[in-house]
Amino acid sequence: PLYLYPFLNTVSKQRPFEYLRLTSLGVIGALVKVDDREVVHFLLQTEIIPLCLRIMETGSELSKTVATFIVQKILLDELGLNYMCATAERFYAVNSVLSSMVMRLVEQPSVRLLKHIVRCYLRLSEHPRARDALRVCLPDALRNNTFLGVLQQEENVRQWLGQLVANVQQVQVPVSASVAAPPPPHGGVGVPQSHAHPARVAQGGGMPGGMGHMAGAPPPMMGGGGMAGGAVGMSMGVMMAQGMQPGHAMDAATAAQMVAAQAQMAGGPMDPSMAGVAP
């Protein structure tokens, strides 16, 4: 599958390129559909997550659906869930894209896409740190009855949505000093490099930062001075997810969500100036 990644990395919206991306996504989707941990382990060593995130943000509805399905299947594996929630940067990159998709679905509903998004959020809510962050950044459209009309015939999705809301509304138990959360990690989500060579992709070489760093084991949690570096990685990941260029200011709401999510995932307060937020 590594030789398909350059096709996934194309950005042209012309129909032939879209068909090429969709076919390549179909191959990866068939791999994750078998629920094999070795498949998830292999994919996490590559840049499949940022590739899927970009397609989820900019692709056609069908491409978005297949890409979201791939992310969902990776999340459903314990290794994949722990990997995406290991750092605030990874979590926020995934959440930022999912949140943006939810906002678009408010205007143009798609049941088949919405059900995969809800399932992704539900799985994230099963991770303690991600659940804490979702209390702040879960889209309001998923907390209220915005999608009640389009989900009338989707009982399973309504149940998932109800469980998601119940999970994020659970009372947060303070962490005692004796079991304090580990120091914030270092790393971030890098933008996939164009036409990355398969051998380099397999080593995570096309991904500067956290999501390309996995060599046969779950990603290490690094402490010490990792907060500042992690904040930079998160800022780049957010800009990738939102189509922003470095140096452009993000809006206040996004900045506030990013800082809050970083604080929740890191287990403590965070100075907004460390999040790479432009004044």
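**A tour of a helical chain**

Begin by selecting helix α7 (residues 88-107) and helix α8 (residues 111-124), which pack at an angle of about 145° with their axes 11 Å apart; axes here are lines fitted to C-alpha atoms over the stretch in contact, and angles run from 0 to 180 degrees between N-to-C directions. This is a predicted model, in which local features need pLDDT of at least 70, side-chain atom pairs count only at pLDDT 80 or more, and totals for chains, interfaces and linings use all residues. Residues are numbered from 1 along each chain as its sequence is written, and side-chain values use heavy atoms, with hydrogens and water left out.

Next, show the side chains between the two helices: Phe91, Val94, Asn95, Leu98, Ser99, Met101, Val102 and Leu105 in α7 meet Leu113, Leu114, Ile117, Cys120, Tyr121 and Leu124 in α8, where contact means heavy atoms within 4.5 Å. By class, twelve of these residues are nonpolar, two are polar and none is charged, with Ala, Val, Leu, Ile, Met, Phe, Trp, Tyr, Cys and Pro counted as nonpolar, Asp, Glu, Lys and Arg as charged, and the others, Gly among them, as polar.

Now move to helix α11 (residues 155-168), and colour Val157, Leu161, Leu164, Val165, Asn167 and Val168, which are buried (under 20% relative accessible area, with a 1.4 Å probe and protein chains only). Looking down the axis of α11, you will find these buried residues within an arc of 160°, so they line one face of the helix; the arc is that of the directions from the helix axis to the C-beta atoms. They pack against α8, α9 (128-137) and α10 (140-143).

Finally, select the whole chain, which has 14 helices and zero strands, helices being DSSP runs (H or I, at least four residues) and strands also DSSP runs (E, at least two), numbered from the N terminus.

Notes: The expected span of a helix is 1.5 Å times one less than its number of residues. Buried means under 20% relative accessible area, exposed over 50%, partly exposed in between (1.4 Å probe, protein chains only).
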